[in-house]
Amino acid sequence: MSLDGAYDDQNIFARIVRGEAPAVKIYEDHAVLAFMDVFPQSRGHCLVVSKTSRARNLLDVEPEVLCKLMTDVQRVARAVVAALNPDGVVITQFNGSPAGQTVFHLHVHIIPRWIDQPLKGHGQGGIADVDALKVLAEQIAAKIS
Ligand code: AMP
């Protein structure tokens, strides 16, 4: 999908937000949901999405929604660092399929990195074990302030 197009309310993240599809949740409030990526590029790879906006990408989103979303990206990223002690953290966000976007509901990736562990390719990580994701989500959630 290019940068232009209509929001599809059957996309997987919209279904997760509505409770119609499963997710391993880390943090949630009235506006934002953070959950584990099921095809993680590294241990602890997670996503933060708006629960209220129909934005497909960063270019679409209402500025006030973006401010709240990015504030919570920082909150969750700090918790990932506190819980997992990575050497670095990649924060990514893709706009349009030519840029690598595959789910057209605005989301931000939080991807912890360790010096001695290569990053798996975007969407190339293979599906994760749900029980292992639940352990990680609990560790991260315990550090959210
Ligand atoms: P993007 O390619 O930037 O649109 O990112 C979409 C991300 O969503 C990828 O990293 C996928 O691994 C991840 N993903 C796809 N389906 C699910 C799902 N059901 N639950 C959690 N993460 C998902």
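Predicted model: local features only at pLDDT ≥ 70, side-chain atom pairs only at ≥ 80, totals over all residues.
Trainee: How many residues surround the ligand, and which are the closest?

Mentor: There are 17 residues around the ligand. The closest are Asp37, Thr102, Val103, His109 and His122.

Trainee: What lies 2.6 Å from an oxygen atom of the ligand?

Mentor: That is a polar side-chain atom of Thr102. For His107, an N or O atom of the side chain is 2.9 Å from an oxygen atom of the ligand.

Trainee: How much of the ligand does the protein bury?

Mentor: The protein buries 90% of the 500 Å² that the ligand exposes when taken alone.

Trainee: Staying with Val103, where does this residue lie?

Mentor: Val103 belongs to the loop between strand 4 and strand 5.

Trainee: Is Val103 buried or exposed there?

Mentor: Val103 is buried, because its relative accessible area of 14% falls under the 20% cut-off.

Trainee: Which residues does Val103 touch, apart from those up to four places away in sequence?

Mentor: Val103 touches Asn11, Ile12 and Phe13.

Trainee: Let us turn to His109. Which strand holds His109?

Mentor: His109 is in strand 5, which covers residues 107-113. His109 counts as buried, since its relative accessibility is 3% and the limit for that label is under 20%.

Trainee: Which side chain forms a polar contact of 2.9 Å with that of His109?

Mentor: The partner is the side chain of His45. Leaving out residues up to four places away in sequence, His109 touches Asp37, His45, Cys46, Leu47, Val90, Ile91, Thr92, Phe94 and His122. Asp37 and His122 are also among the closest residues to the ligand.

Trainee: Changing topic to the surface, which residues form the nonpolar patch?

Mentor: The patch consists of Met70, Val81, Val89 and Ile91, and together these have about 280 Å² of accessible area. At least two patch residues come from helix 2 (63-84), and at least two from strand 4 (88-92).

Trainee: Where does Met70 lie, then?

Mentor: Met70 lies in helix 2. Its relative accessible area is 34%, so Met70 is partly exposed, between the 20% and 50% limits.

Trainee: Why does Asn85 count as exposed?

Mentor: Asn85 has 58% relative accessibility, and the label exposed applies because this is over 50%.

Trainee: One more loop, please. Where is Asp29?

Mentor: Asp29 is placed in the loop between strand 1 (25-28) and strand 2 (32-36). With 17% relative accessibility, Asp29 counts as buried.

Trainee: What does the side chain of Asp29 reach?

Mentor: The side chain of Asp29 reaches the backbone nitrogen of Ala31, at 2.8 Å. Setting aside neighbours within four places in sequence, Asp29 is in contact with Lys51, Lys68 and Asp72.

Note on methods. Residues numbered from 1 in each chain as written. Heavy atoms only, no water. Patch = residues over 30% accessible without salt bridge, like charges linked within 9 Å, V, L, I, M, F, W, Y side chains within 5 Å. Areas by Shrake-Rupley, 256 points an atom, 1.4 Å probe, with all protein chains shown as cover. Salt bridge = Lys/Arg side-chain N within 4 Å of Asp/Glu carboxyl O. Helix = DSSP H or I, 4+ residues; strand = E, 2+ residues; numbered from the N terminus. Buried < 20%, exposed > 50% of the residue type's maximum accessible area, 1.4 Å probe, protein only. Near = heavy atom within 4 Å. Polar contact = N/O pair within 3.5 Å; in protein donor to acceptor, adjacent residues only side chain to side chain. Contact = heavy atoms within 4.5 Å.
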